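Take a look at the model first, then read on.

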Amino acid sequence: MYDFKEKNRLKTKTDFQSIFANGSKAVYRSLLALYLPNSLTYARLGILVSKQKVRQAVSRNLLKRLIRESFRHHQAALKGLDIIILLRSECNPLDKLAYQEQIDQLWRYIKI
């Protein structure tokens, strides 16, 4: 149940473009989620963390891991959505608990 398989990833350029063009937005602090209903029985996730927002690769990868981990725990409630998570502003990824709370709050906004 709490897995992140290949089918749960947004991979193609057309998937990303359709969400950017037609998706709804949910914003919480430094995170932006773009989401669009899909015709599947499961949720798919794409993560974009730019080098301009988080300079160190270790920190970027940590943020992506935190987002994926949180997605795994909430994917049952998010089924039927394609979601892209973007970082809006610079953040301190070393504060894991605060960042995880932001991610969890963002999922709550999307489920509404």
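Predicted model: local features only at pLDDT ≥ 70, side-chain atom pairs only at ≥ 80, totals over all residues.

Residues are numbered from 1 along each chain as its sequence is written, and side-chain values use heavy atoms, with hydrogens and water left out.

**Ring pairs**
- There are three aromatic pairs in the structure (ring centres of Phe, Tyr or Trp, the latter by its six-membered ring, within 6.5 Å; planes under 30 degrees apart are stacked, over 60 edge-to-face, the rest tilted).
- One of them joins Phe4 and Phe71, whose centres are 5.6 Å apart with planes at 85°, so this pair is edge-to-face.
- Because Phe4 lies in the segment before helix H1 (13-22) and Phe71 in helix H2 (residues 57-74), the contact ties together parts 67 residues apart in sequence (helices are DSSP runs of H or I, at least four residues, numbered from the N terminus).
- Phe71 also pairs with Trp107 in a tilted arrangement, at 6.0 Å centre to centre and 55° between the planes.
- Trp107 lies in helix H3 (residues 96-111) and Phe71 in helix H2, so that pair ties together parts 36 residues apart in sequence.

**Burial**
- Phe4 is buried, at 14% relative accessible area (buried means under 20%, with a 1.4 Å probe and protein chains only).
- Phe71 is buried at 0%, and Trp107 is buried at 1%.

**Charge over a ring**
- The charged end of Lys7 sits over the Tyr42 ring, 4.6 Å from its centre (NZ of Lys or CZ of Arg within 6 Å of the ring centre and within 35 degrees of the ring normal).

Definitions and conventions:
Helix = DSSP H or I, 4+ residues; strand = E, 2+ residues; numbered from the N terminus. Buried < 20%, exposed > 50% of the residue type's maximum accessible area, 1.4 Å probe, protein only.
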